[in-house]
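Q: I'd like to learn how to read helix packing and sheets in a model like this one. Could you walk me through it?

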Amino acid sequence: MRTLSCDVAVIGAGSAGLTAYRAASAQGKRVMLIESGAYGTTCARVGCMPSKLLIAAADAAHAVRSAPQFGVFAAIVDVDGRAVMDRVRAERDRFVRFVVEGIESMDPASRLSGHARFLAPDRLQVGDDVALTAPRVVIATGSRPVIPDALRGLGDRLIVNNDVFDWPDLPDSVAVIGSGVIGLELGQALARLGVRVAVFGRGESLAQLQDAEVRRVAQACLAEELDLRLHTTIVSAQRSTDDVVLHSRHADGRERTESFQFVLAAAGRAPNVGGLGLECAGIRLNQRGVPVYDPHTMQCGDSAIFIAGDVAEDRPLQHEAADEGHIAGDNAARFPRVVAYPRRAALSVAFTDPQMAVVGQSSRALADRRYEYGDGSFASQGRSRVMLQNRGLLRVYGEHGSHRFLGAEMIGPRAEHIAHLLAWADQNQMTVDAMLAMPFYHPVVEEGVRTALRDLQEKLARHVDPMAHCADCTPGR
């Protein structure tokens with residue numbers, strides 16, 4: 001058994017781990033980066049980037065099919081599945097190569113390959129032959145897809161998003177289990193590329209949307225072209241010779257039995273905490289076995305152990321993982337003089353068509369707040385109609401009294417861009433009035449933001465705080 005030591009150990013070389021490594025190294029600390037798998041972040045290898053490559057191909061096919069609505073007629077759309085997947089893999093490998101080259105340029109003495117587990121709060125075993133003393137540790141082990149019990153035993157007919165991007169060709173049919181971001185993005189993309197797709201959801205949830213009305217509009221938009229089966233459970237899934245026989249039941253009692261070439265499990269992700277030996281780390285864990293931590297310091301209790309990225313389960317997004325990695329790495333290096341960092345405004349986007357986004361506080365988070373909402377429909381919005389993308393709804397939230405902008409939920413055209421504008425406004429604690437004082441060009445999709453904000457402004461102006469304006473409620477002289 002080799003014995004090594006360092007100032008800070010970082011477990012996991014994904015987006016959070018790499019950022020933590022750099023932050024701790026910038027403080028002059030000796031940092032050890034530990035990875036048990038292949039180098040290359042989830043985003044580059046099996047997440048953000050390859051999924052957007054597949055979506056780009058799907059959007060191209062959809063644009064050609066939609067061209068006759070503009071009076072433009074093209075030949076029959078012929079999707080070459082092998083060519084599509086060749087480009088997806090080639091570009092994916094290029095993104096991964098950049099990450100791998102960056103890691104391999106690091107000092108080999110600062111990298112260890114193998115599974116790490118705690119022997120004590122300041123000691124790790126890596127693989128079978130390394131004992132590492134590290135007075136400070138950052139846990140950045142990421143997450144993994146959840147496999148529902150009903151789908152186990154399907155062998156190579158059961159896939160997760162990681163597997164899709166290694167397909168040599170597009171399949172004939174796919175059942176997508178889960179109506180979250182991954183399921184909807186991949187399901188719609190595959191359907192547009194000619195694959196027979198059905199998306200199953202146990203409840204009514206769609207991606208990250210919480211507002212019931214926005215979710216209703218989203219369901220109507222997506223169902224126009226996607227076989228979307230919400231409120232449906234999988235009763236059984238059985239492997240046959242070349243496919244899977246899926247038996248499903250809708251909440252109203254209707255049942256269906258049909259065959260699919262593949263079943264894609266997209267029912268969420270679970271934190272990678274198994275086998276870490278956290279019982280030896282001396283830190284408190286929640287009911288899911290994840291360390292309890294402060295989101296502003298990423299510190300686990302008052303220990304010298306920090307956590308970052310998808311394993312923390314707070315905001316499982318690439319930009320949040322990078323932020324958390326920086327906070328955790330910087331504070332691990334500073335320990336015990338940790339610093340509480342402000343967090344950025346919440347921002348999440350689903351790259352469906354129309355796109356979906358949530359900014360700041362969702363309707364669920366505002367349940368106990370006194371707030372109002374304003375709506376902007378894209379059905380008659382000028383620029384959206386010009387582009388034949390006039391579908392969707394933007395709902396914005398504002399606080400009574402202060403008129404501060406609190407957040408938004410939306411499905412609509414160019415949501416990825418609109419969401420950024422709204423997130424910047426939220427982070428700068430702007431009021432609805434201040435936002436409406438900003439310039440809006442014509443004709444642009446962003447005029448839909450002005451429509452929603454005006455609706456919100458009018459509703460906030462009509463609201464009168466009874467305590468603030470009732471003389472009878474004030475103390476007598």
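Q: Is the crossing of α3 and α6 left-handed or right-handed?
A: A crossing is left-handed if the near helix is turned anticlockwise from the far one by less than a right angle, and right-handed if clockwise. The crossing of α3 and α6 is left-handed. Before we go on, keep in mind that this is a predicted model, where local features need pLDDT of at least 70, side-chain atom pairs count only at pLDDT 80 or more, and totals for chains, interfaces and linings use all residues. Residues are numbered from 1 along each chain as its sequence is written, and side-chain values use heavy atoms, with hydrogens and water left out.

Q: At what angle do α3 and helix α6 pack?
A: Helices (H or I, at least four residues) and strands (E, at least two) are DSSP runs, numbered from the N terminus. Axes are lines fitted to C-alpha atoms, for helices over the stretch in contact, and angles run from 0 to 180 degrees between N-to-C directions. Here α3 and α6 (residues 181–192) pack at about 40°, and their axes are 8 Å apart. That makes α3 oblique to α6. For the wording, angles under 35 degrees count as roughly parallel, over 145 as roughly antiparallel, 65 to 115 as roughly perpendicular and the rest as oblique.

Q: Which residues in α3 and α6 meet?
A: Contact means heavy atoms within 4.5 Å. On the α3 side you'll find S51, K52, L54, I55, A58, D59, A61, H62 and R65, and they meet E185, L186, A189, L190 and R192 in α6. Sorted by class, this contact has seven nonpolar, two polar and five charged residues. In that sorting, Ala, Val, Leu, Ile, Met, Phe, Trp, Tyr, Cys and Pro count as nonpolar, Asp, Glu, Lys and Arg as charged, and the others, Gly among them, as polar.

Q: How do helix α3 and helix α4 pack?
A: Helix α3 (residues 48–66) and helix α4 (residues 81–104) meet at an angle of about 150°, with axes 9 Å apart. That makes α3 roughly antiparallel to α4. The α3/α4 crossing is right-handed. From α3 come M49, P50, L53, L54 and A57, and from α4 come V84, M85, R87, V88, E91, R92 and F95. The class count for α3 with α4 is nine nonpolar, no polar and three charged residues.

Q: How close do the axes of helix α1 and helix α8 come?
A: The axes of α1 (residues 15–25) and α8 (residues 318–334) come within 7 Å and cross at roughly 35°. This crossing is right-handed. S15, A16, T19, A20, A23 and A24 of α1 make the contact with Q318, A321, A322, G325, H326, G329, D330 and A333 of α8. By class, that contact of α1 with α8 has seven nonpolar, six polar and one charged residues.

Q: On to sheets: what is the order of the open sheet of four strands?
A: Strands of a sheet pair through backbone hydrogen bonds, either parallel or antiparallel. Two strands pair if DSSP finds at least two bridges between them. The four-strand open sheet has the order β1-β7-β6-β5, with mixed pairing. Its edge strands are β1 (2–5) and β5, each pairing on one side only. Neighbouring strands in this sheet are turned by 30° against each other on average, direction ignored.

Q: Which strands of that sheet run parallel, and which antiparallel?
A: β1 and β7 (residues 130–133) run parallel, joined by four bridges, and S5 stands opposite T133 in β7. β5 (residues 116–120) and β6 (residues 123–126) run antiparallel, also with four bridges. F118 stands opposite L124 in β6, and a hairpin of two residues joins β5 to β6.

Q: What about the open sheet of five strands: what is its order?
A: The order is β20-β21-β24-β23-β22, with antiparallel pairing. β20 (347–350) and β22 (371–377) stand at the edges with a single partner strand each, so one side of each is left without a neighbour in the sheet. The twist averages 10° from one strand to the next. β23 (residues 393–399) and β24 (residues 405–412) pair over six bridges in the antiparallel sense, and R395 has E409 in β24 as its bridge partner.

Q: Which strands does helix α7 lie across?
A: Helix α7 (residues 212–223) lies across β21 (355–360), β23 and β24, running at about 15° to β24. Helix α12 (residues 447–462) also packs on the sheet, touching β22 and β23, and its direction makes about 145° with that of β22.
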